[in-house]
Amino acid sequence: MKFQRVIGSLATRIILVGIVFVALGTLARTLVLTQYLREDVGAVMATQQLTLANYVARDIDQNILERQKLLQQMAATLPLDQLNHPAQLREWLGSRHALQSSFSDGFVVTTTNGQVVADYPERPERAGLDYGDHDYIRVARDGVIAIGAPAVDPVIQKPILPMAVSVRDASGKVQAILIGTTALDATGFLSFAPNDRVGEGGSFLLISPRDRLFVASTDPAMVLKPTPADGVNPLHDRAMQGYRGTGITVNAQGVEEISAVASVPSTGWFVVARIPSSEAFAVIGRTQQYVAKNTFLSMVVFLLITGGFLIYVFRPLLHAADHADRMTRGDVPLEPLRVVRQDEVGHLTEAFNRLLEKLQASQAKMEHMAHHDVLTGLPNRALLNDRLTQALARASRNQTQLALLYVDLDRFKPINDLLGHEAGDAALMQIAQRLTEVVRESDTLARVGGDEFVLLLTDLQGSGEHAKAAASAVATKCLDAIAKPITLHGDQHTIGASIGIALGDGTVSPQDLQVAADSAMYKAKQAGGQRSYCIPARPAIASA
């Protein structure tokens, strides 16, 4: 029996379902491993990007060094006697340009102060230019080959990179400055073709930290644009401070990317090879989609199986809850629920039935207390008002009369004062019993105050005089019943009453009747008591 109870237990069934959930949870935890996959793939992609960045940086560095060497060789062989003969010097520069086109935009020879002596190709616009304010002229004068900041040449209106070296005589004195310029977009120099990338979104950047400029980029629109402000791209900020390596960062456009930074030693520049994280981790996304798809299918199967199982287990509970809900809405009467199985659901249903019985008993008691006087058990003012409203509606519908008798006891206060409230309560209970014996079952007798009763007579047929006579007859019976001596503590006491009668039909309101009956009662009391007084009720507007 105990074994069967355990097997049939709701807890046991839920535990079995929980075991299935744990098994599926194991599958879910495997998804966490994708984080480790992300780290591994990220490391591989970072290494790949760093290899590319180093390769590009070495290529750029080689191009720069070749041009520096060539410029130094030209400076060493430049004929100093032609410095005073610009045409001949230009011809000499042209012959060197024809043999070596590394400097795609030609050469310029200036004095040590930066005044143009000769250029090739010849461009008259340079005649008035002064190169003396350029940093690379000052550096070259000091005997160091200088690389200027990439900029747009004011003569040819295109981005160039200038290099400068001093021209010395036999004694080592600087006689002139030789400048070689190369277009940034010259083939095989610093430019990156659109297909120089890894994947669809990968790209390269060449950055000059000294000038805070993009020297070259896979995106031509970025060339010679200023680098992002500090704080926009954390990895870029570190690279500007000298960091060389890899990292995952968010660029100025808000795109997360894997970036690698490599130095160009000859210039102090650095190359950035980058690829969007979304593209680098695309394989992880496909893996997650595959796992998610299979997990979803597994969940569907799981839900079908578990759903059917739970429906079977909880069907009685669901039926009980639905039936209880219908009872609360009033669709069906309150009644005990059927016990289907002797498990936790069955025990809960039995407990609900017991609770329902207590609730019904309590509700009936509270309903009675809400509408009846506690001492006498007669209807109270709330129930009287409800029945009065119904009686007026019925009188309007059936063209009948009704009467409201307001009964106020005479000489009741001395009993309370002399004998106490217990004696007063006993007197009220006897009077309530006597009045109950006088009225019809269809009428309503209510206690509305300490020693005040109201009697509602309904469905009085005939004219107003006939209704008045019937109401007066009932009032006389009430007076006779109340006037009989009452025995309290072994002594007899006589109590009288003053009764106000208000007659009405469906045209008056409950308030009109009550006001009229109360007014009639005071007239009876003023006349000496132990009598009744009758007045017809009038609508409030008519009486005004």
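Let's start where α10 and helix α14 (residues 510-526) pack, at an angle of about 110° and with their axes 10 Å apart. Axes here are lines fitted to C-alpha atoms, for helices over the stretch in contact, and angles run from 0 to 180 degrees between N-to-C directions. Since 65 to 115 degrees counts as roughly perpendicular (under 35 is roughly parallel, over 145 roughly antiparallel, the rest oblique), α10 and α14 are therefore roughly perpendicular to each other. Where they meet, α10 brings Asn 385, Leu 388, Thr 389 and Leu 392, and α14 brings Pro 510, Leu 513 and Gln 514; contact means heavy atoms within 4.5 Å.

A word on what you're looking at: this is a predicted model, where local features need pLDDT of at least 70 and side-chain atom pairs count only at pLDDT 80 or more, while totals for chains, interfaces and linings use all residues. Residues are numbered from 1 along each chain as its sequence is written, and side-chain values use heavy atoms, with hydrogens and water left out. Helices (H or I, at least four residues) and strands (E, at least two) are DSSP runs, numbered from the N terminus.

Now follow α10 to its sheet. Helix α10 (residues 381-398) lies across β12, β13 and β14, and runs at about 20° to β14. Helix α13 (residues 464-483) packs on the sheet too, touching β12, β14, β17 (496-504) and β18, with its direction making about 160° with that of β17.

The sheet itself is open, with five strands in the order β13-β14-β12-β17-β18 and mixed pairing; two strands pair if DSSP finds at least two bridges between them. β13 (444-447) and β18 (531-536) are at the edges with a single partner strand each, so one side of each has no neighbour in the sheet. From one strand to the next, the twist averages 20°.

Inside it, eight bridges join β10 (residues 256-264) to β11 (residues 269-276), which run antiparallel, and Ala 262 stands opposite Val 271.

Finally, some rings. Phe 103 and Phe 107 form a tilted aromatic pair, 5.4 Å centre to centre with 55° between the planes. Rings of Phe, Tyr and Trp (its six-membered ring) pair if their centres lie within 6.5 Å; planes under 30 degrees apart count as stacked, over 60 as edge-to-face and the rest as tilted. By this rule the count comes to one aromatic pair. Phe 103 is buried at 0% relative accessible area, and Phe 107 is buried at 0%.

Note on methods
Buried < 20%, exposed > 50% of the residue type's maximum accessible area, 1.4 Å probe, protein only.
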